[in-house]
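Here is a friendly briefing to read with the model open beside you.

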Amino acid sequence: MRGKIAIEEHWESPEVDTPSTFGFIDPNYLAHLNQRLQEVDRRLEEMDVAGIDISVLSLTQPGVQGIQDKRAAVDFARRMNDYAAETLAMRDPKRLKTFACVPLQDPEQAAHEARRACTELGCIGVLVNGFTNTGDDSGTYLDEPQVLPFWQAISELDVPVYLHPRMPLVSQRKAYAGYPGLVGSAWGFGHETATHALRLMLSGLFDRFPKVNVMLGHLGEGLALSLPRAEHRLRHQMPGSHGTHLRTPMEYLCDNFYVTTSGTFRTQGLLHTISEIGVDRVLFAVDYPYESMSEITQWFDECAISPNDKRAIASGNARRLFGF
Ligand code: ZN
């Protein structure tokens with residue numbers, strides 16, 4: 001299938017060496033990651049083979065979110081957004097689009113950078129790599145009151161925010177003790193991000209900004225399956241113990257979220273997601289270079305869903321959302 005648009009595709013600054021900092025990952029898998037994160041020509045060649053017309057590039061996790069110093073974060077975000085726009089996307093501006101990174105260590109500056117990146121640099125949205133470090137073992141989640149200036153800017157810009165996984169704070173990894181391979185993308189990423197998304201729903205953020213859209217990878221980090229039970233059980237929790245939301249979590253999932261196919265190769269899961277939130281809220285993504293464009297394409301192109309739904313997920317929904 002030609003013409004696909006891939007939404008969660010990562011790049012890395014030549015200044016940083018993120019993947020090699022994870023001691024529990026197989027070195028054979030890591031060997032070519034940095035190269036693939038940085039090389040544009042190879043990415044374009046792989047897109048050609050996989051039938052991907054457009055890739056939306058984002059700085060790989062934890063990116064700006066992992067910087068503790070406020071000023072350093074503001075400076076880094078600015079430099080990375082400039083680099084992505086001027087060096088990466090310029091290689092083929094029709095096929096390479098970018099999500100901005102933002103320094104949420106200072107929400108006013110994050111709002112400013114989102115505005116600058118989306119209006120001056122051509123970014124089509126913002127990608128946030130989970131909570132933002134405020135210390136070694138402390139962080140800010142996107143539902144916290146001090147983050148409101150950022151959401152105000154997002155609402156005015158009318159662009160989506162991709163909520164991308166990262167590993168849980170060090171003090172919150174007890175459940176993974178003895179199984180370090182679980183703390184990252186195999187398991188911890190999904191739990192961390194699903195919980196973060198639920199916090200956004202319960203905080204009342206979408207009552208305040210009803211048109212804001214948040215994107216989740218990995219078929220919504222399992223929320224299409226787990227939220228109905230959360231919703232059912234929340235009815236029995238004391239008022240005040242689960243935020244100040246006006247609507248139910250599933251209503252927010254259906255009206256304020258898009259989910260992507262990044263890193264998923266499961267037709268049953270895709271069908272279930274479509275049955276819960278509707279096909280118009282599902283977008284194609286690979287999660288390159290952590291996943292292979294050819295592998296996910298082979299699954300997606302052959303998966304047994306209706307041709308109309310496949311076209312919508314592959315590109316139609318993204319074209320409508322981003323106005324490509
Ligand atoms: Zn990713």
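For the residue classes used below, Ala, Val, Leu, Ile, Met, Phe, Trp, Tyr, Cys and Pro count as nonpolar, Asp, Glu, Lys and Arg as charged, and the others, Gly among them, as polar. By these classes, the lining of the largest pocket has 21 nonpolar, 17 polar and 4 charged residues. Please keep in mind that this is a predicted model.

**The largest pocket**

- The volume of the largest pocket is about 1,000 Å³.
- Its lining is made up of 42 residues, and those nearest the centre of the pocket are S185, A186, W187, F189 and G190.
- Two or more lining residues come from each of α1 (27-30), α7, α9 (218-221), α10 (223-234) and α12 (267-277).

**A nonpolar surface patch**

- On the surface, Y179, L182 and W187 form a nonpolar patch, and together they have about 350 Å² of accessible area.
- To find Y179, look in the loop between β7 (161-163) and α7 (188-202).
- Y179 counts as exposed because its relative accessibility is 55%, and the cut-off for exposed is over 50%.

**Backbone features**

- The peptide bond that runs from Q61 to P62 is cis, with omega near -5°; P62 sits in the loop between β2 (52-59) and α4 (70-88).
- Another cis peptide bond runs from Y288 to P289, where omega is near 0°.
- P289 is placed in the loop between β10 (282-283) and α13 (293-302), and D287 also lies in the loop between β10 and α13.
- D287 is a residue other than glycine with a positive phi, near 85°.
- With a relative accessible area of 8%, D287 is buried.
- L219 likewise has a positive phi without being glycine, with a value near 50°.
- L219 belongs to helix α9 and is buried at a relative accessible area of 10%.

**Salt bridges**

- Side chains of opposite charge can pair when their charged atoms come close.
- In this model the count of salt bridges comes to 13.
- One of them joins the side chains of E15 and R79, at 2.5 Å from N to O.
- This pair links distant parts of the chain, as E15 is in the loop between β1 (4-11) and α1 while R79 is in helix α4, 64 residues apart.
- How exposed or buried are the two partners? E15 is exposed, with a relative accessible area of 52%, and R79 counts as partly exposed at 35%.
- A salt bridge also connects the side chains of E46 and R42, at 3.3 Å from N to O.
- E46 and R42 are separated by about one helical turn because they stand 4 residues apart in helix α3 (residues 40-50).
- Of these two, E46 counts as buried at 19% relative accessibility, and R42 as partly exposed at 26%.
- The side chains of D255 and R247 meet in a salt bridge too, at 2.7 Å from N to O.
- Both partners are partly exposed: D255 has a relative accessible area of 36%, and R247 has a relative accessibility of 32%.
- Through salt bridges that share partners, E15, D75 and R79 are joined into one network.

Terms used: Residues numbered from 1 in each chain as written. Predicted model: local features only at pLDDT ≥ 70, side-chain atom pairs only at ≥ 80, totals over all residues. Heavy atoms only, no water. Patch = residues over 30% accessible without salt bridge, like charges linked within 9 Å, V, L, I, M, F, W, Y side chains within 5 Å. Areas by Shrake-Rupley, 256 points an atom, 1.4 Å probe, with all protein chains shown as cover. Salt bridge = Lys/Arg side-chain N within 4 Å of Asp/Glu carboxyl O. Buried < 20%, exposed > 50% of the residue type's maximum accessible area, 1.4 Å probe, protein only. 1 Å grid on protein atoms, 1.4 Å probe; cavity = no way out; pocket = protein on both sides within 12 Å on 5 of 7 lines; lining within 4 Å. Points joined across faces, edges and corners; volume = space filled by probe spheres on them.
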